[in-house]
Amino acid sequence: MESIWSKTCEREKRPALEGDITADAAVIGGGMAGILTAWKLKEAGVHAVVLEADRTGGGQTQNTTAKITSQHGMFCRTFTEKKGEETARRYVQANQVAVEEYKRLIREENIECDLKESDAYVYSSDGDKLRTETEAAQRLGIDAEFREHLEIPVSCAGAVCFHGQAEFHPLKFITALSGRLTVYEDTPVTGVEEKLVKTACGSVRADKIVFAAHFPFLKFPGLYFARMHQERSYVLALENAGSLDGMYIGDGRDTLSFRQYDKYILLGGQAHRTGENKEGGRYEKLKQAAGRLYPESRPAACWSAQDCITADGIPFIGQYAASRPDWFIATGFQKWGMSSAMVSAMLLRDLICGRENPYAEVFAPARFSVKEIPQLMKDGGKAVKGLAKRVFHIPAETAAALERNHGAVVETPQGKAGVYKTEDGTVCQVDLVCPHMGCELAWNPDERSWDCPCHGSRFDCEGNLKDGPAQEGIRNA
C-alpha cells in the first residue's frame, strides 16, 4: 500500500554513512521533524548531519494527510481547563507560528510543493459545544469562527473554523529541503553513548544529539515507552469525488476527515490503538463510507499512518533527560505531525543555540501532572496485558487449519508462533515476542503485519521491522 504522496514524488537515493565522522549535531531520523531541525540548525550556523534508517521521509511523513494547522481537534476549551489559559495560548501560538514559518520557508526557498492556504474545520453534531469551542479559541487569540453550513457531505450542526492554515505535498517539500543538507540513508542507529552515535556502517561524534525518529528506541533514560502509546489510522485517495475547499476533521473517534489534493479527496478515519485490530476491515469501512458519500468515486490509493500519543496531549520537545543535557527529543505529535515538526525544529534550534524560546516550558519533556496518571495507568495496563498474553494466551488455531491470505497466533510443535499463509499456501512463521520489551504481538489483517499492543512496534508477515521503537525484526520461529 502506497500513499498518494509516494505515488506522485520521485526521490533521489542518498548514500549510507561510511566510516566515522564528526559534526556539531547529529539528528536521528530523516522525517519531517528531523529534516526541519537540521535545516534550522544550518540556518543558525550549526553543522548537523541526519541519520535515516531507510529513506528520507519514508516513515510517517509519507503517510500523513499533510495538513499544516494549529487546529488540533476540539481542544481549546478542554485544554484551557486542564492546563490553564496561558499554557493553552502558548500551545496554540507555537503551532500557528509554525504554520506561518512553513509559508515563509516555502516562499523564500522557492520550494515547489503544491502549497495551498486553506481554512481548517472541526465539525460536530453538538451545536452548543461548537459555539463554546469557538469562543474558547477566540479567547486564545485564534482567528476562529463558527460555521453552520459546510461543504462536506455529512450531517452535523456545523464546525469551528480556523482561518489562515495550509496544506501541501509533504514529500515534495522534504525532498527539496533535504537535498540541501547532509543526509545519510540506509543508516540505522544501533546505539548512542554520550556524544557518540553508533551505526552498523560508522559513527558520528557530535556535541549535540537529537532524537527525531518518531518513537525513541532507548528505554533509559527518559522512560518514553511508559509515557506514550501509538495509534493507527487509515486513508483513501478518491478519484471522481468532486472538489472541496478546506480541511475537515470530526469530533470523536468514529468520524471522518476530509481534504483535497489535486484531483483527489483524501478520506481518513478508522483510528485504533496499534495492536488492537483483530477483526480488520478498516479499509473496507472507509470504502463503504466513500460509496455512501461519493457514489461515483473510486479509490486511487490507500494507506495508513501511525501516531505517538502522550498522556496529556502535548508533544515531548526539549531536553531528552536531566542526566543527558546534550541530548534532545521530539516525539508524541499525535495526529498533528506537520505543525509539531516545525515547532520542534524551532524550539530545538533555540535550545541547542542557547536562545530563549517562549514555548519551551509548554513542551518540556520533564513536565508532569497528576491529571495524567489515569492515562499512564491505562497505558501501563496495556503493557502488562501484552506481557501476560505470552504466558496465558492459548492459541485456538493450528497452521494447517489457517485459511490462505490470513494470519493468526497458532500452536506449533515448538509452541506458540505467528503464522501467515500466502495465497499460494506458503507459510510464513515468526516469533511472537516483540524484541523491544517482550510483549506478545497481534495480527493486523488490514496491513498484514504483526503489531505490538504495548508500545506500537510493527513487523511485516516475514518478520521484518516496519515501525519502532523495536530496532530489529522478529526471527523466524
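Reply: R458 stands opposite D467 in strand β25, and strand β24 (residues 458–460) is joined to β25 by 2 bridges in the antiparallel sense. This is a predicted model, in which local features need pLDDT of at least 70, side-chain atom pairs count only at pLDDT 80 or more, and totals for chains, interfaces and linings use all residues. Residues are numbered from 1 along each chain as its sequence is written, and side-chain values use heavy atoms, with hydrogens and water left out.

Me: Why do β24 and β25 count as paired?

Reply: Two strands (DSSP runs of E, at least two residues, numbered from the N terminus) pair if DSSP finds at least two bridges between them; β24 and β25 have 2 bridges, so they count as a pair.

Me: What makes β22 and β25 edge strands?

Reply: The open sheet of 4 strands has the order β22-β23-β24-β25, with antiparallel pairing, and β22 (442–444) and β25 (465–467) each pair on one side only.

Me: How do you know that M32, I35, L36 and W39 in helix α2 meet residues of helix α6?

Reply: Contact means heavy atoms within 4.5 Å, and by that rule these four meet P170, F173, I174, L177 and S178 in α6, where helices are DSSP runs of H or I with at least four residues. The residues of this contact divide into 8 nonpolar, 1 polar and no charged, where Ala, Val, Leu, Ile, Met, Phe, Trp, Tyr, Cys and Pro count as nonpolar, Asp, Glu, Lys and Arg as charged, and the others, Gly among them, as polar.
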